[in-house]
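These are my notebook entries on one structure. I list what I looked up, entry by entry.

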Amino acid sequence: MNAKKKFDHSNDLVLLPLGGTGEIGMNCYCYGVGPADDRQWLMVDLGVKFGEATDPGIDVVLPDVSFIAGDRRNLVGLVLTHAHEDHLGAVAWLWPQLRCPVYCTPFAAQILNLKLKEAGLDEEVEVHVLAQGSRFSLGPFDLEFVAVTHSIPEPTALLIETRQGKVLHSGDWKIDRTPVLGVGMDEKRLRDIGEAGLDVLVCDSTNVLREGHSPSEADVAATIMDIVRQAPARVAITTFASHVDRISSAVKAARATGREVVIAGRAMRNTIEAARVCGYLREAGEFLDEEEFGYLPPDKILLLCTGSQGEPRAAIARIAEDQHPHISLEPGDLVIFSSKTIPGNEKEVSRIHNNLARLDIDIVTSDEALVHTSGHPRQEELRTLYDWLRPRVLVPMHGEPRHLRAQAKFAASCGIAETLIPRDGHIAKLCPGPARIVDETHAGRLHVDGRLIVPAEDGPAKQRRKLSFVGIVLVSIALDDKQQLAGEIKLITDGLPAGLDDELLDAADQALSSTPKPRRKDDEQVAEAIRTAIRRAADTIWGKKPVVKVAVLRV
Ligand SMILES: [Zn+2]
Ligand SMILES: [Zn+2]
């Protein structure tokens, strides 16, 4: 047997995560079948991750799908497991690179279509709408949307059957036996899949660090009902704009206590419209627009609004600053934060809490009462799913490295024989066993910067970060054909302490004087001498080196 034959993986089913194994967000998992240089690919989810404070001006981060885009004739389709941003938010940005058909449930299709319309792509993208429970085939992949429970309508796990083996891609899920909306988790089907023999479970890791079982949406609904019943004046509830179950629970509490429902925030209005098109919230009655808030008696209002993560332009942030054009709260009113603060957003959220405290408004958060539950499985839920499915291999996904590792260890402790932790860019052979990493490809990140997509590494955010620490000095210098100064050196600074200009100018002057005339013929050398001198002078006085840009003009 020659070496080539030995490493021939033509019969493998592989998994290539391009996002989601190493971070929570920008989920994008590619399953491949066929010879290594000519695989057919199925993409599962294409989501965003929100930008971090360390990347100024970057609100959205995308996975780099150039590896698959470069081989797009072999991409049989993109399947979306549910409508959360971290699973479908990147489609409108990246579909032009992929140009493949898209498959999702009705609610996800509604949310996706809004995004495609905004991007002017709604006529171009072929979206196939399939109900939970549907079976369909794409190339070598036989697929099934298996209903699970989560925190958005119509969440699905994806059963992927190939000649090489069977994988269940869990999507985002929890075990909620009393969901507020939807068909619930298809426990019977999941048990049947386990009974028939499952090779690999690729599984949500988000809450693996938490013991026990997460509370049900029904428990949260009951808590919200109690709080609203006891509230003497206005009640505002802020939650994730996409959380239709929670919106439904809030509306039920309003109806039970004779309150009108006012909706504030475009994202929430969009979700409600999408939900109604798909048959949800039909019994919820009419909702009022924010303009009508001021005409209602305090004990007749329930306000539902966006901004639970502290987004500064969202409704609750503006209400807390008393800057909302139509809505203001008063002492005695109550705001329920029916959400969890996503790590990284703590400062923004506590700013809102403080602003509300200044207005003498009471707040309830999930620290004080069961006004929120996660949509992801804790340890006992994971254990239950493992019991139903009894997979040969567990591959953790949807997690930071610590979550992935923790789920691999937990699965091993539950008796799953094999675990494998691939990272973004790894090509992991799943079937036939044993599972292992067989190759690696490029998997990076892209930044959405305004209307443009730019590289994350060495893109504009990197330079902005630098500027945010040290400011900038702009120098312009004009030299005549004898390499003499024609006029004075001009210097503009931004983001530097005041009073440095004269010394920096002197440094520039001296740098030029000590540059011999023959060397002054080279713009680069002149610029570099001045740049170095100014940075050194700033360091001596200030202890920091600014960014320096020098323009050399020839007159
Ligand atoms: Zn989700
Ligand atoms: Zn997710």
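**Entry 1. Domains.** I began with the division of the protein chain in this predicted model. The assignment gives domain 1 (3-212 + 374-455), domain 2 (217-364) and domain 3 (471-554). I then looked up the pair formed by domain 1 and domain 2, whose centres, taken over C-alpha atoms, are separated by 32 Å. Their contact involves 17 residues from domain 1 and 17 residues from domain 2. On the side of domain 1 that touches domain 2, I noted ten nonpolar, five polar and two charged residues.

**Entry 2. The sheet.** I next traced an open sheet of eight strands with mixed pairing, in the order β8-β7-β6-β3-β2-β1-β22-β23. Why is one side of β8 and of β23 left without a neighbour in the sheet? Strands β8 (127-129) and β23 (436-440) stand at the edges and each has a single partner strand, so one side of each has no neighbour there. From one strand to the next the twist averages 25°.

I examined both ends of the strand order. At one end, β22 (residues 426-431) runs antiparallel to β23, and four bridges join the two. Within this pairing I found I427 opposite D439 of β23. At the other end, helix α5 (residues 106-118) lies across β7 (102-104) and β8, and runs at about 150° to β8.

**Entry 3. The largest nonpolar core.** I recorded 143 residues in the largest nonpolar core; M43, L302, L303, L304 and L430 touch the most other members. Both domain 1 (3-212 + 374-455) and domain 2 (217-364) supply at least three residues to this core. As background, nonpolar side chains in soluble globular proteins tend to be buried together.

Setting aside neighbours within four places in sequence, I listed its contacts as L13, V14, L15, G165, V167, D199, V200, V393 and A435.

Entry 4. Is A508 buried or exposed? I counted 24 other C-beta atoms within 10 Å of A508, and the cut-off for a buried residue is 20 or more; A508 is therefore buried.

Which residues does A508 touch, not counting those up to four places away in sequence? I found V475, I489, L491, I530, A533 and I534. Lastly, I noted that A508 and R531 are 23 residues apart along the chain, with 7.8 Å between their C-alpha atoms.

Key
Residues are numbered from 1 along each chain as its sequence is written. Chains are lettered from A and ligands numbered from 1 in the order in which they are written. This is a predicted model: local features need pLDDT of at least 70, side-chain atom pairs count only at pLDDT 80 or more; totals for chains, interfaces and linings use all residues. Two strands pair if DSSP finds at least two bridges between them. Axes are lines fitted to C-alpha atoms, for helices over the stretch in contact, and angles run from 0 to 180 degrees between N-to-C directions. Two residues are in contact if their C-beta atoms, placed from the backbone, lie within 7 Å. Domain bounds come from an automatic or database domain assignment. Ala, Val, Leu, Ile, Met, Phe, Trp, Tyr, Cys and Pro count as nonpolar, Asp, Glu, Lys and Arg as charged, and the others, Gly among them, as polar. A nonpolar core is a set of buried Ala, Val, Leu, Ile, Met, Phe, Trp, Tyr and Cys residues joined through C-beta atoms within 7 Å. A residue is buried if 20 or more other C-beta atoms lie within 10 Å of its own, exposed if 12 or fewer, and partly exposed in between; C-beta atoms are placed from the backbone.
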